[in-house]
Amino acid sequence: MSDAKKLRTHPQYELLYHPSIPGRGEFIRLCFEATGVPYTDVANEKPSGYDTVQSICMNTSLTSADSNPPVFAPPALRVPGAGADGKALVIAQTPSILMYLSERLGLAPDDEAATYHVYQLAFTALDLNNEVHDTHHPLAVAKYYEDQKDAALVKATDVRENRLPKFFSYFERTLRFNEENGGGEGKYLVGGRLTFADLVVWQVIDGLYFSFPKEMEARKKEYGKLLDGFYESVKQEGGLKEYLKSERRLPYSQGVFRYYPELDRQ
Ligand SMILES: N[C@@H](CCC(=O)N[C@@H](CS)C(=O)NCC(=O)O)C(=O)O
């Protein structure tokens, strides 16, 4: 589809998220970037865009905006014209946004059972995302890492030694299952084409390569189908190849995925 046609057939989607970090906003960005559907990353692209994000997603009033209920935390998606009385729709929670976008962006599978298998996989990867966050903030979200370093080491060691193999084994077995039953060719987790489950799992693996490079290099030998074959092939999907080289792909820094060498395999 040409760019002009896409602009005509999709609303002007707006991603509302914190500026400068990939964070949980990245799961949403990847959906747009892989499918080439235009969106505005409000905090990163608009002057005083973060004011808008804060006023919609981080206020304490009875509404987020445009007669929508309050939002707990970013990311949120704003869709002009899609809400009540032709106003904007605002929805938050990464899983909820992914579910809303999946069919509209062509990232959903064809049948109902497969749809729930996509949810199952994507939400499991989001669980892993949360566990990775807790490796540097195991005690208190609002405290500095430096104030919880001992607990962080205990948590990170458990995640590296016990949790990563459990998650990786599950994703890799799913790849094998779908190779045999769904035409996935080792490239897709559900069915024979890209779904948002592939993007969410891919993003968490990519973040793990940043946070735990030594651990991941070692794990690649055990879970090569997932951490090498699948991981490399998703990068070639749709608009991702160009996106991953672009300035829109923000570097990891002080978000969910952080690099503390002392927490990595020694
Ligand atoms: N499960 C929620 C988590 C939302 C969340 O924790 N957002 C972070 C940024 S990634 C935030 O700003 N949290 C503020 C807070 O929890 O107080 C989702 O996936 O959307």
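Predicted model: local features only at pLDDT ≥ 70, side-chain atom pairs only at ≥ 80, totals over all residues.

Student: Start with α6 and α8. At roughly what angle do their axes cross?

Tutor: The axes of helix α6 (residues 112–136) and α8 cross at roughly 20° and come within 8 Å. Angles under 35 degrees count as roughly parallel, so α6 and α8 are roughly parallel to each other.

Student: Is the crossing of α6 and α8 left-handed or right-handed?

Tutor: The crossing of α6 and α8 is left-handed.

Student: Which residues of α6 and α8 meet?

Tutor: From α6 there are V118, Y119, L121, A122, A125, L126, L128, N129 and V132, and they meet F196, A197, V200, V201, V204 and L208 in α8. By class, the residues of the contact of α6 with α8 are 14 nonpolar, 1 polar and no charged.

Student: How many charged residues has the contact of α7 with α10?

Tutor: The contact of α7 with α10 has 4 charged residues, along with 6 nonpolar and 1 polar.

Student: Change of topic. How many disulfides does the structure hold?

Tutor: The structure holds 0 disulfides. C31 is in no disulfide, and the nearest cysteine sulfur, that of C57, is 17 Å away. C57 is likewise in no disulfide, with the sulfur of C31 as the nearest cysteine sulfur.

Student: Are C31 and C57 buried or exposed?

Tutor: C31 is buried, with a relative accessible area of 1%. C57 also counts as buried, at 1% relative accessibility.

Student: C31 is in α2. How many residues of α2 are buried?

Tutor: In helix α2 (residues 25–35), 11 of the 11 residues are buried, so α2 is largely enclosed by the rest of the structure. Among the buried residues of α2 are E26, R29 and E33, as well as F27, I28, L30 and F32.

Student: What follows α2?

Tutor: G36 follows α2, and its phi is positive, near 70°.

Student: And α5, which of its residues are buried?

Tutor: The buried residues of helix α5 (residues 94–104) are T94, I97, L98, Y100, L101 and S102. What covers those residues includes β1 (13–16), α2, β3 (76–79), β4 (89–92), α6 and α8. Just after α5 comes G106, with a positive phi of about 75°.

Student: Which residues other than glycine have a positive phi?

Tutor: D66 is one of them, with phi near 50°. E185 is another, with a positive phi of about 55°. Most residues other than glycine have a negative phi, so such values are worth noting.

Student: Where are D66 and E185?

Tutor: D66 is in the loop between α4 and β3, and E185 lies in the loop between α7 and α8. D66 is partly exposed, with a relative accessible area of 32%, whereas E185 is exposed, with a relative accessible area of 57%.

Student: Where is the cis peptide bond, and what is omega?

Tutor: The cis peptide bond joins P74 and P75, with omega about 5°. P75 lies in the loop between α4 (49–57) and β3.

Student: Last one: what about T9, in α1?

Tutor: T9 lies in helix α1 (residues 3–9) and is partly exposed, with a relative accessible area of 44%. The C-alpha atoms of T9 and M99 are separated by 19 Å, and the two residues are 90 residues apart along the chain.

How values were computed:
Residues numbered from 1 in each chain as written. Heavy atoms only, no water. Axes fitted to C-alpha atoms, helices over the stretch in contact; angles between N-to-C directions. Helix = DSSP H or I, 4+ residues; strand = E, 2+ residues; numbered from the N terminus. Parallel < 35°, antiparallel > 145°, perpendicular 65-115°, else oblique. Left-handed = near helix turned anticlockwise from the far one by under 90°. Contact = heavy atoms within 4.5 Å. Nonpolar A, V, L, I, M, F, W, Y, C, P; charged D, E, K, R; others polar. Disulfide = S-S within 2.5 Å. Buried < 20%, exposed > 50% of the residue type's maximum accessible area, 1.4 Å probe, protein only.
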